[in-house]
Amino acid sequence: MHKGLIYDTRYLEGSVSEEDIQDLFPEIEKAHSQITRGTGEGSDYLGWLDLPGRITDDMTGELLDTASALREKSDVMVIVGIGGSYLGSRAAIECLCPPEEKKRILFAGYNMSCSELKSLAQQLEDKDFSVNVISKSGTTTETAVTFRILQDLLKKKYGPGDISERIIATTDKEKGALMTLARKNGYKTFVIPDDVGGRFSVLTPVGLFPMACAGIDIKELIEGARYQQKASSECDIVSNQSYRYAAVRNCLYRKGKRIEILANFNSRLHYVNEWWRQLFGESEGKQGKGIFPSSCDFSTDLHSMGQLIQQGERNLFETFLIFEKESSGCKVPRTDEDLDKLNYLAGMELSHINRKAYEATSQAHFEGGVPNSTVFLPENTAHSLGQLFYFFEKAVAVSAYLAGVNPFDQPGVEAYKKKMFKLLGKPGA
């Protein structure tokens, strides 16, 4: 029997009351209607809403079979994508996979660093490798440039006629430069659904295929998302954890809290933070509005950012991301000399000490004027992570509608591209 995630609001006292949350209920009802009936802005991109329930065994079977075939012929799989095209799968792989599996998956195409790409090429010199390129259009500069270079490396290593079985293209089902290229060269393709935007695509082949290549139980992850889909289906701000989180964020925003820090106490969650930052930043940051999404890895960042959070400007709030059940097996040994004065910890599990560090931090920051809440995940499993992905997707859609913006567009992203294309001399720019 799987346990569901829990959203704990005990350290919001004095900043957000139950009355404040209930006062938002009419707006929550409106946002709920916009999502479920497709009447809000961006409704063409609501495909993520019932996606967990639409994923069939045939779909997962094809993903798993293709991943298995590539794993047999490849030491390494290179995932080429940027933004939503790689952050979801990277979050899952970094969170769930043991070190030996992480080494089998490399990521590229998310920047234009020459030194980083040269380092990747050196890593691939003595390895059999395959490529999964992910792009709806096939013309995203960072991804397309990197894929060109990797295609060239594949041709030099295996010969032009022997690379078609080593390239998987995840792209539009019918159009676009990448689909055209895939058809021309016989690359296998997986489809990015038309009604799912990039930052919501973790439960499509965009995220699921790289996860399958890393050996993650994608069926269990999908089950976790289905569990959370059902748990967040009702318009209720007590039992619906996604709606409650969205309400809390908007209450705080309206009271002058402009920055949200998503903080974890487990380094495996670092890329979950990165995925979350894109999801919320790109969904809410428009029309001069939006909570700035930041993140911290504790307890590491308590020794750098901790001072500012504890005593800096009171314009921020925190959301902690915590595993209820942590791995064990690391106990503090006792020493005869006790020079570091740590014998009082002797015999304690490191996970217990880490939990107390979280509890102390949440209390200290609260007493220092930083309201905070916590998302408790049952444990570090594919099922729990599937729950979390859906929890945040549902929450950001409601949260953006509460703020009065379209959750599903990103018009500002094009601004730098237009300037860059002009500076690079792109025809017609």
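A pocket here is an open set of grid points with protein on both sides within 12 Å along at least five of seven lines, and its lining residues have an atom within 4 Å of a point. The model is predicted. With that definition in hand, start with the second largest pocket. Its lining holds 23 residues. Phe265, Asn266, Glu326, Ser327 and Asn354 lie nearest the centre. Strand S9 (316-325) and helix H15 (350-367) each give two or more residues to this lining. H15 gives the most, with five. By class, the lining has eleven polar, seven nonpolar and five charged residues. The volume of this second largest pocket is about 490 Å³.

Now turn to the largest pocket. Its volume is about 1000 Å³. The lining counts 37 residues, and Thr140, Gly198, Glu282, Gln410 and Lys417 lie nearest the centre. Three helices each supply at least two lining residues: H8 (141-158), H13 (270-284) and H17 (414-424). H17 gives the most, with five residues. The lining of the largest pocket divides into 15 nonpolar, 14 polar and eight charged residues.

Next comes the packing. In soluble globular proteins, nonpolar side chains tend to be buried together. The largest nonpolar core of this model has 85 residues. Phe209, Met211, Trp275, Leu388, Phe389 and Phe392 have the most contacts inside it. Helix H16 (382-403) gives the most to this core, with 13 residues. Apart from this core lies another, of 21 residues, including Ala108, Val131, Val133 and Ala182.

Leaving out residues up to four places away in sequence, Phe392 touches Tyr245, Leu262, Trp275, Trp276, Leu279 and Phe280.

Note on methods:
Residues numbered from 1 in each chain as written. Predicted model: local features only at pLDDT ≥ 70, side-chain atom pairs only at ≥ 80, totals over all residues. Heavy atoms only, no water. Core = buried A, V, L, I, M, F, W, Y, C linked by side-chain atoms within 4.5 Å. Buried < 20%, exposed > 50% of the residue type's maximum accessible area, 1.4 Å probe, protein only. Helix = DSSP H or I, 4+ residues; strand = E, 2+ residues; numbered from the N terminus. Contact = heavy atoms within 4.5 Å. 1 Å grid on protein atoms, 1.4 Å probe; cavity = no way out; pocket = protein on both sides within 12 Å on 5 of 7 lines; lining within 4 Å. Points joined across faces, edges and corners; volume = space filled by probe spheres on them. Nonpolar A, V, L, I, M, F, W, Y, C, P; charged D, E, K, R; others polar.
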